[in-house]
Amino acid sequence: MSDLMISWVTSANSDHTQFPLNNLPYGVFSVGDAAPRCGVAIGKMILDVAALENAGVLSFEGTLQTASWNAFMALGQDAWARLRRDLTKLLEEGSSQQSALEPHLVAMADAQLHMPFVVAEFTDFYAGKHHATNVGTMFRGAENALPPNWLHIPIGYNGRASSVVVSGTDIVRPHGQLKSPNDDVPRFAPSARFDIELEMGAIVGQPSNGPITVMDAFANIFGYVLLNDWSARDIQAWEYQPLGPFQAKATATTISPWIVTAAALEPFRTSTTEREKPLLPYLQEPGPMLYDIELEVGLTPDRGEESIIARTNYTEMYYSAPQQLAHHTTSGCPMRVGDLIGSGTISGPQKDNRGSLLELSWGGKEPFELSDGTSRSFIEDGDTLTLRGAANGDGYRIGFGSCSGRVLPARK
């Protein structure tokens, strides 16, 4: 028997839709010249929850009147649970409120989607073992693929919150300082090895002002988005020693437009992989804190057809988002509502599971073929890269929407 929850919004009652009643992800949308506002995806429609709060159908201290979900997140876990309960009751089949809600539904096809929250800070991790092993093998050899600390600690770096953009935003190829092994001196030029990283992003919904446990970190995560960490590999190769990623990662980070709540993903919880070396107690998980989410990457050439170039699963992560968040707080680092935590590239054990072009082309040495017969090593101008993901239940899917960006030529 299907676990699909039935709604009076008929487009939500399908095993193909990304947005059944089981999901109810949060976003920000506008129609025409109207101001952006908070909305909830249901089937092919968006429910205008800002209008519902203004009409008194919902009551969350005015937080749904803002053009982001930060103020609502700050209300805490009880409010998160209450809104989900209220929306489920309002949208379920047989709801007495159907006639009151119908005027506040907007066709998703008519809406423009915006950043769903204001990013306070952005931290990106390097927590996928297959990715770390692949990259390490390319640059240091198989015997030294993983840094000595990798199996003990989730490695990360502080990125640029100002560079985080919503799906559909064009990405301009970056310039940077480049130096190949054959160059005597560096040069300034557009990146020729521009790349993506297939990731998940966890959104911090509650602040912390000192170290927190993994369990507290799990409770503080409001929801998840798809995340593409655009990466200029040639800029990165020259600049990263000794302090790590800088300008190579500052061009843009694209996220999907819908925040899928941790509550919606609850049926898909699973444990991280068996440890090769025991973690210190503060990093140990008290229960399953990862999710079974199937992921894919599509590449569409300019005026061409899309090729699916990679498929993998969020279960490939060695460290979960709560482990990453808990570790982030150990130094006393305050975490704020709206902080974004990138998982790191999610790659699997097979070649077609690799979540970056760097891995798929093995550093450019093994170009991979697209469905039209052309090949790629790295992104070409006009290419559109699209990440997709869904947790698949019995008769329903929990989707995130697309995480997409088209690469434009470098500015002259």
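**Cysteines and their surroundings**

Modeller: Cys-38 is buried because its relative accessible area is 0%, where buried means under 20%, exposed over 50% and partly exposed in between (1.4 Å probe, protein chains only). Cys-333, with a relative accessible area of 25%, is therefore partly exposed. This is a predicted model, in which local features need pLDDT of at least 70 and side-chain atom pairs count only at pLDDT 80 or more, whereas totals for chains, interfaces and linings use all residues. Residues are numbered from 1 along each chain as its sequence is written, and side-chain values use heavy atoms, with hydrogens and water left out.

A disulfide is a covalent bond between the sulfur atoms of two cysteines. When a disulfide is taken as a pair of cysteine sulfur atoms within 2.5 Å, the count comes to 0. Cys-38 accordingly takes part in none, and the nearest cysteine sulfur, which belongs to Cys-403, is 20 Å away.

The wider context begins with the nonpolar cores, each a set of buried Ala, Val, Leu, Ile, Met, Phe, Trp, Tyr and Cys residues joined through side-chain atoms within 4.5 Å. The largest has 70 residues, and those touching the most other members are Met-200, Tyr-224, Trp-230, Leu-265, Ile-293, Ile-309 and Tyr-314. Strand E13 (residues 198-204) gives the most to this core, with 4 residues; helices (H or I, at least four residues) and strands (E, at least two) are DSSP runs numbered from the N terminus. Beyond its neighbours within four places in sequence, Tyr-314 is in contact (heavy atoms within 4.5 Å) with residues including Met-200, Tyr-224, Ile-293 and Ile-346. A second, separate core holds 39 residues, among them Ala-12, Leu-21, Leu-52 and Val-337.

An α-helix has 3.6 residues a turn, so residues three or four places apart point the same way.

His-131, in helix H5 (residues 129-140), counts as buried because its relative accessibility is 3%. Its side chain makes a polar contact with the side chain of Glu-359 (2.7 Å). Such a contact is a pair of N or O atoms within 3.5 Å; within protein, one must be able to donate a hydrogen and the other to accept it, and residues adjacent in sequence count only if both atoms are side-chain atoms.

Finally, the backbone deserves attention. Most residues other than glycine have a negative phi, and most peptide bonds are trans. Leu-24, however, has a positive phi near 55° and, at 1% relative accessibility, counts as buried. Trp-362 likewise has a positive phi, of about 45°. The peptide bond from Gln-241 to Pro-242 is cis, with omega near 5°, and Pro-242 lies in the loop between helix H7 (233-239) and strand E16 (253-255).
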